[in-house]
Amino acid sequence: MSDQHTHQNFETRAIHAGNTADPLTGAVVPPIYQVSTYKQDGVGGLRGGYEYSRSANPTRTALEENLAALEGGRRGLAFASGLAAEDCLLRTLLVPGDHVVIPNDAYGGTFRLFAKVVARWGVEWSVADTSDPAAVRDAITDRTKAIWVETPSNPLLGITDIAALADVARTAGVRLVVDNTFASPYLQQPLALGADVVVHSLTKYMGGHSDVVGGALVTADETLGEELAYHQNAMGAVAGPFDSWIVLRGIKTLAVRMDRHSENATRVAEMLQQHPKVTQVLYPGLPEHPGHEVAAKQMRSFGGMISFRVEGGEEAAVEVCNRAKLFTLGESLGGVESLIEHPGRMTHASVAGSLLEVPADLVRLSVGIENVDDLLEDLRQALG
Ligand SMILES: Cc1ncc(COP(=O)(O)O)c(C=O)c1O
């Protein structure tokens, strides 16, 4: 993060970090440098340090500086998707024979990347309940290089104590990776709690408007940041200029959006808890949630994601999803509009039959920033 922004509060950094006025025109928003290559003034004479847009592009640089400032990291890197960011991280941190501890609840695509892609390169993994630091300690072997955590987790909204796992990681001499997609840096700051790397699907709250796919890595450490930047260029799955620009635009309202997501989700969770057709509500903001205390300690508020279980099993859960009208039936999350989905058949179909299989009667909500009364009415009619 540039020193210029270290003293600023989050909302100010979200708007200003990386967003310097265009030196040529004074445009207050960084332009979309939709360009692949740059004129050199004589061989090797680069005007602004840019030579080819896979290596670096000014609009992407603006986003990467902004990301580093928001997570309080040394280096931010933007990718074509969250999974592209994860792939770059895994192939930078791990070589054949290495081992990684992964959570028993995580985005299905992350699990698929470990189980079906990275495993073929000879990287081993084992699953642990990351909400229990002792279970993670037990899963570490002499070949372990990293612990991977998602908190809150997708789709069961499990909470992991980041500071406690940072201690476990430090003692074992392994790296702690935190997927901060569900919380966003406004609600949770994993690097300040001792994590080494933060992962994001920028597709979600950071972009915030369901109109872009992107991913990011932010490191606490300059050396790892350099290594990742080398691999980012060598592997090539970078964020394009337009995608970088639209994420940067979304981030400017991240703080106000997250406040409203959290407020609306709290009201929705409380309503669901009272509903006779709902057997369990998974939301870390509820005092009954097993991770509530840890979440209250490490998060500013509890975010916009809720999962709940429905009386009547899988068919009943699918019916609720089909009957919702204002909640759009669709995958993904984190946009201003509310979404509903059935993880077992949709986002988490790839973990069926694995240790990460999700309950069949589970419904997941991404609670948007519409008027909460309209959201409550829609859910009541969907539940019947
Ligand atoms: C928690 C989490 N991490 C990572 C990803 C992957 O991101 P992307 O879809 O941008 O590749 C997702 C996508 O849903 C996610 O929910």
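A polar contact here is a pair of N or O atoms within 3.5 Å; within protein, one must be able to donate a hydrogen and the other to accept it, and residues adjacent in sequence count only if both atoms are side-chain atoms. The structure is a predicted model, in which local features need pLDDT of at least 70 and side-chain atom pairs count only at pLDDT 80 or more, while totals for chains, interfaces and linings use all residues. Residues are numbered from 1 along each chain as its sequence is written, and side-chain values use heavy atoms, with hydrogens and water left out.

**Ligand site**

- The shell around the ligand has 13 residues, and Leu83, Asp179, Ser201, Thr203 and Lys204 come nearest; a residue is near if one of its heavy atoms lies within 4 Å of the molecule.
- Asparagine 154 places an N or O atom of its side chain 3.0 Å from an oxygen atom of the ligand.
- Aspartate 179 has a polar side-chain atom 2.6 Å from a nitrogen atom of the ligand.
- The ligand taken alone exposes 390 Å², of which the protein buries 91% (Shrake-Rupley method, 1.4 Å probe).
- Helix 3 (residues 82–93) supplies the largest share of this shell, with three residues; helices (H or I, at least four residues) and strands (E, at least two) are DSSP runs, numbered from the N terminus.
- By class, the shell holds two nonpolar, seven polar and four charged residues; Ala, Val, Leu, Ile, Met, Phe, Trp, Tyr, Cys and Pro count as nonpolar, Asp, Glu, Lys and Arg as charged, and the others, Gly among them, as polar.

**Loop between strand 4 and helix 6**

- Proline 155 is in the loop between strand 4 and helix 6, and a cis peptide bond with omega of about 10 degrees joins it to asparagine 154.
- Leucine 157, also placed in the loop between strand 4 and helix 6, has a positive phi of about 55 degrees although it is not a glycine.
- Leucine 157 counts as buried because its relative accessibility is 1% (buried means under 20% relative accessible area, exposed over 50%, partly exposed in between; 1.4 Å probe, protein chains only).

**Helix 7**

- Serine 184 lies in helix 7 (residues 184–187) and has a positive phi of about 75 degrees, although it is not a glycine.
- With a relative accessibility of 1%, serine 184 counts as buried.

**Cavity and pocket**

- On a 1 Å grid over the protein atoms alone, a cavity is a set of points where a 1.4 Å probe fits but cannot get out, and a pocket is an open set with protein on both sides within 12 Å along at least five of seven lines; lining residues have an atom within 4 Å of a point.
- One cavity of 30 Å³ or more is found in the whole structure.
- Residues lining the largest cavity include Leu63, Phe79, Asp243 and Val247, and helix 9 (residues 241–251) gives the most to this lining, with three residues.
- The cavity lining divides into seven nonpolar, two polar and one charged.
- The largest pocket has a volume of about 510 Å³; of its 18 lining residues, Asp22, Pro23, Tyr33, Tyr50 and Pro58 are the closest to its centre.
- A volume is the space filled by probe spheres set on the grid points, which are joined across faces, edges and corners.
- The pocket lining divides into 11 nonpolar, three polar and four charged residues.
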